[in-house]
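This report describes the fold of one protein chain. Please read it alongside the sequence and the model.

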Amino acid sequence: MAAGLAAAILLLAGAAAYYAVGTPYYSLYSMMRAMQRGDAAGVARFIDVDRLARHVVAKQVDGIARTRGTGRNDWDKMQTDIQIRYVQLASAALLQYAGDEIRKSLGRQPAAPSGDWALKGITYREDIAHVEIERKSDQAVVGFDMQRQPDRRWKIVAADPEQMAALMGAS
């Protein structure tokens, strides 16, 4: 009877650990631990650089497209059209550049996370977890999206570059 109870407890503990490792909370915890150790490669394991680069470029294109038609005259509208066309033509180079910049940033020694940051919340929509972290001293909120990978680890796939720089200690 005692052996059966011990086996059941071990089975339950194993199932709980398996579940916990597959949550964004665990990935965030692991990423923060890597930051504390100054382990740039460890932090990079939790960031999908290619998807993050696509998100950054798409955000820039959206920003340009939103200004379209808001110009005072035809000249302003034409300039916006040219900017949009340029970005479309140069998208492969922009993606490469954005990816290289993200990789370069991840290759630097990450700053230890400040004790001033606290997890504000995680909300789920389909297979994406939107994470918000708040800096307690000024209530600044950093938000980013994570997605579960086939290995059950969650990776950052979308973020505002300036907010991420604040989170990583660059600003």
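## Pairing in the sheet

Two strands are said to pair if DSSP finds at least two bridges between them. Helices (H or I, at least four residues) and strands (E, at least two) are DSSP runs, numbered from the N terminus. Thr123 stands opposite His130 in S2.

The open sheet has 4 strands in the order S1-S2-S3-S4, with antiparallel pairing. Its edges are strand S1 (117-125) and strand S4 (154-159), each of which pairs on one side only. From one strand to the next, the twist averages 35°.

## Basis of the model

The model is predicted: local features need pLDDT of at least 70, side-chain atom pairs count only at pLDDT 80 or more, and totals for chains, interfaces and linings use all residues. Residues are numbered from 1 along each chain as its sequence is written, and side-chain values use heavy atoms, with hydrogens and water left out.

## The chain as a whole

The chain contains 7 helices and 4 strands, which run α-α-α-α-α-α-β-β-β-β-α from the N terminus on. Of its 171 residues, 34% are buried (buried means under 20% relative accessible area, exposed over 50%, partly exposed in between; 1.4 Å probe, protein chains only).

Among contacts (heavy atoms within 4.5 Å) with a separation of 6 or more, 49% join residues 24 or more positions apart.

## Helix H2

Helix H2 (residues 24-37) has 14 residues and reaches 20 Å from its first C-alpha to its last, close to the 20 Å expected; the expected span is 1.5 Å times one less than the number of residues. Gly38 follows H2 and has a positive phi, near 75°.

H2 packs on the sheet and touches S1, S2, strand S3 (140-148) and S4. The direction of H2 makes about 145° with that of S1 (axes are lines fitted to C-alpha atoms, for helices over the stretch in contact, and angles run from 0 to 180 degrees between N-to-C directions). Buried residues of H2 include Pro24, Leu28, Met31, Met32 and Met35.

## Two loop residues with positive phi

Most residues other than glycine have a negative phi. Glu126, in the loop between S1 and S2, has a positive phi of about 55° although it is not a glycine. Glu126 is exposed, with a relative accessible area of 82%.

Gln139 lies in the loop between S2 and S3. Its phi is also positive, about 60°, and Gln139 is exposed, with a relative accessible area of 51%.
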